[in-house]
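Below are some notes for a colleague who is opening this structure for the first time. They are set out as numbered points and can be read beside the model.

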Amino acid sequence: MNDSSNRKKKVGLPPGSIIYTGEDSNHKISIEVFSYNDSIIKKENYSEDDDFGFDKNFRGVTWVNIDGIHNIPLIKKVGEMYDLDNLVLEDLVNSTQRAKVEEREDYLFIVMKMLNLNLISKEIGYEQVSFILGEDYLLTFQESPGDIFDTIRARIESHNSKMRKKSVGYLAYTIIDTIVDNYFLILDEVELEIDRLESKVIDNSDKDDLQSIMTLKQKVTTLKRSISPIRELIAKLQSKGLTEYFNDDIKIYLTDLYDHGIIVCDTLDILNSRVTELVQLYHSTISNGMNEVMKILAIISTIFMPLSFLASLYGMNFKYMPELEWRDGYYAILCIMFILVLGMLAYFKRKKWL
């Protein structure tokens with residue numbers, strides 16, 4: 001069963017129906033909990049089969065990261081622990097959500113896409129990451145194990161880290177900033193792929209290049225659809241209505257993050273334009289190659305026209321024709337033909353047709 005089949009389950013159901021719409025997954029869900037302040041740090045790991053609970057009375061920041069959203073009973077259990085409404089839980093398990101920010105009474109709900117690049121196949125993986133940002137806690141929900149947050153975990157576990165003195169809003173900013181920074185790495189790889197294909201088309205294009213270009217165009221289109229809403233998302237995080245979730249000292253970081261979002265969107269537009277131009281370049285290259293072939297054929301035909309005329313003239317079956325009795329007539333005609341070919345080639349060269 002694929003994700004489109006899973007989405008069909010939601011048709012006709014009332015709002016708030018918690019149905020997982022992603023690809024079927026067999027991996028065990030893992031739960032990682034960081035509780036820290038400037039003097040204490042606790043790290044706990046649970047599986048979906050464990051009887052777990054979170055200390056809501058801890059004075060500091062609590063980060064709960066859940067790797068997997070296909071276990072609906074588990075998602076409902078976490079929702080009950082933090083009093084999350086069903087509409088949020090519905091969006092949590094819907095892996096096709098557009099990046100967005102929604103404000104609830106006691107928390108923020110944030111959805112965005114995290115990208116992963118396979119260094120061997122150069123394939124881009126898309127994973128939805130959802131955030132529940134409360135007063136002193138952050139819940140993150142990922143579709144599958146593995147992420148790009150190891151540097152953040154290392155900063156939290158470091159004894160001299162300034163991050164442990166920051167608020168939960170700074171933690172949320174750091175995770176979002178890491179995801180956006182990873183966008184740049186993906187876009188750089190796509191740009192290199194465009195450069196390589198562009199050079200290939202210019203130097204020696206063939207029919208397979210068109211398929212490569214169309215595959216690349218589809219990749220850029222998917223990228224644009226997945227991450228271009230990031231600018232709107234970051235702009236909303238800077239709005240006055242959400243200031244209670246981010247301290248004043250974080251606002252400058254959000255401004256910098258917004259600049260990064262603009263650069264990401266501008267880069268996506270440039271890459272999309274380059275791929276479109278690459279299609280035009282391919283057709284122009286093929287057309288130019290065909291024109292070169294036609295030009296060579298036309299030159300060959302033009303050269304053989306007078307030769308054919310002479311050959312056909314002396315091939316006529318008239319009994320009385322001048323020059324037929326010449327002893328060296330055959331060699332004379334060959335010389336005339338040779339001189340004609342050289343003269344025409346010199347003329348074509350002077351006209352820069354060759």
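1. Gln-97 sits in the loop between helix 3 and strand 4; helices (H or I, at least four residues) and strands (E, at least two) are DSSP runs, numbered from the N terminus. Gln-97 is buried, its relative accessible area being 15%. Here buried stands for under 20% relative accessible area, exposed for over 50%, and partly exposed for what lies in between, with a 1.4 Å probe and protein chains only. The side chain of Gln-97 makes a polar contact of 3.3 Å with that of Lys-100. A polar contact is a pair of N or O atoms within 3.5 Å; within protein, one must be able to donate a hydrogen and the other to accept it, and residues adjacent in sequence count only if both atoms are side-chain atoms.

2. A word on the source: this is a predicted model, in which local features need pLDDT of at least 70 and side-chain atom pairs count only at pLDDT 80 or more, while totals for chains, interfaces and linings use all residues. Residues are numbered from 1 along each chain as its sequence is written, and side-chain values use heavy atoms, with hydrogens and water left out.

3. The protein chain is assigned domain 1 (1-164), domain 2 (166-290) and domain 3 (291-351). These bounds come from an automatic or database domain assignment. Taken over C-alpha atoms, the centres of domain 1 and domain 3 are 82 Å apart.

4. There are 19 salt bridges in the structure. A salt bridge is a side-chain nitrogen of Lys or Arg within 4 Å of a carboxyl oxygen of Asp or Glu. Side chains of opposite charge can pair when their charged atoms come close. Lys-100 forms such a bridge with Asp-91, at 2.7 Å from N to O, and both residues are buried.

5. Arg-98 and Glu-232 form another salt bridge, with 3.5 Å between the closest N and O atoms. Arg-98 belongs to the loop between helix 3 (86-92) and strand 4 (100-103), and Glu-232 to helix 7 (residues 230-237), so the bridge ties together parts 134 residues apart in sequence. Arg-98 is partly exposed, with a relative accessible area of 48%.

6. A further salt bridge joins Glu-48 and Lys-28, whose closest N and O atoms are 4.0 Å apart. Glu-48 is in the loop between strand 2 (41-47) and strand 3 (61-67), and Lys-28 in the loop between helix 1 (3-8) and strand 1 (30-36), 20 residues apart. Lys-28 is exposed, at a relative accessible area of 52%.

7. Salt bridges also link Glu-32, Lys-43, Asp-147, Asp-150, Arg-153 and Glu-157 in a network. The C-alpha atom of Glu-32 is 8.8 Å from that of Ser-47, 15 residues away along the chain. Ser-47 is in strand 2 and is partly exposed, at 25% relative accessibility.

8. How many cavities of 30 Å³ or more are there? The count is one. On a 1 Å grid over the protein atoms alone, a cavity is a set of points where a 1.4 Å probe fits but cannot get out, and a pocket is an open set with protein on both sides within 12 Å along at least five of seven lines; lining residues have an atom within 4 Å of a point. The largest cavity holds about 40 Å³ of space, a volume being the space filled by probe spheres set on the grid points, which are joined across faces, edges and corners.

9. Domain 1 and domain 2 each supply at least three residues to the lining of the largest cavity. Helix 5 (residues 168-204) gives the most, with five residues. Among the lining residues is Lys-122, which lies in the loop between strand 5 (108-117) and strand 6 (124-133). Lys-122 has a positive phi of about 65° although it is not a glycine, and is partly exposed at 29% relative accessible area.

10. The second largest pocket contains about 280 Å³ of space. Its lining has 13 residues, and Lys-56, Tyr-82, Asp-83, Asp-106 and Tyr-137 lie nearest its centre. Asp-83 is in the loop between helix 2 (72-81) and helix 3, has a positive phi near 55°, and is exposed at 61% relative accessibility.
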